[in-house]
Amino acid sequence: MSAAPDRSAEDVHTPDPRFAAPSGLTAAVVRYDGEPDRCTVYPDGADDETLTTTWLSVNADCLVALSDAR
């Protein structure tokens with residue numbers, strides 16, 4: 001995840017239950033100015049090569065806590 005001028009310089013990890021990743025995965029939320037925040041989920045401990053191909057990103061406002069969906 002490279003830095004862009006319209007987002008914070010670093011990923012923000014938050015205790016928000018919508019961003020809780022299942023075991024073995026990490027969820028990182030990037031906050032943007034003027035655009036929806038994005039949540040990216042990727043494998044724990046992934047190296048740079050894996051990170052380029054094994055991830056999923058979604059607008060953060062589309063997420064719900066897993067406990068709310070059961």
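Student: Which residue is the bridge partner of Val41 in β3?
Tutor: In β3, Val41 has Leu56 as its bridge partner, where strands are DSSP runs (E, at least two residues) numbered from the N terminus. Strand β2, residues 38-43, pairs with β3 in the antiparallel sense over four bridges, and two strands count as paired if DSSP finds at least two bridges between them.

Student: Before we go on, what sort of model is it, and how are residues numbered?
Tutor: It is a predicted model, in which local features need pLDDT of at least 70 and side-chain atom pairs count only at pLDDT 80 or more, while totals for chains, interfaces and linings use all residues. Residues are numbered from 1 along each chain as its sequence is written, and side-chain values use heavy atoms, with hydrogens and water left out.

Student: OK, back to the strands: in what order do they lie in the sheet?
Tutor: The order is β1-β2-β3, three strands in an open sheet with antiparallel pairing. The edge strands are β1 (25-30) and β3 (56-59), each of which pairs on one side only. Neighbouring strands are turned by 20° against each other on average, direction ignored, with axes taken as lines fitted to C-alpha atoms and angles running from 0 to 180 degrees between N-to-C directions.

Student: And how many bridges join β1 to β2?
Tutor: Six bridges join that antiparallel pair, and one of the residues involved is Leu25, whose bridge partner in β2 is Pro43.

Student: What does Arg38 stand opposite in β3?
Tutor: Arg38, which belongs to strand β2, stands opposite Asn59, and the side chains of Arg38 and Asn59 also make a polar contact at 2.6 Å. A polar contact here is a pair of N or O atoms within 3.5 Å, where within protein one must be able to donate a hydrogen and the other to accept it, and residues adjacent in sequence count only if both atoms are side-chain atoms. Beyond residues up to four places away in sequence, Arg38 touches Ala28, Val29, Val30, Tyr32, Ser57, Val58, Asn59 and Ala60, contact meaning heavy atoms within 4.5 Å.

Student: Why does Thr40 count as buried?
Tutor: Thr40 counts as buried because its relative accessibility is 8%, and the cut-offs are under 20% relative accessible area for buried, over 50% for exposed and partly exposed in between, using a 1.4 Å probe and protein chains only. Arg38, at 29%, is partly exposed. The side chain of Thr40 makes a polar contact with the side chain of Ser57 at 2.5 Å.

Student: Changing topic, which residue forms a salt bridge with Asp37?
Tutor: Arg31 does, with the closest N and O atoms 2.9 Å apart; the rule asks for a side-chain nitrogen of Lys or Arg within 4 Å of a carboxyl oxygen of Asp or Glu. Asp37 is partly exposed at 22%, and Arg31 is partly exposed at 33%.
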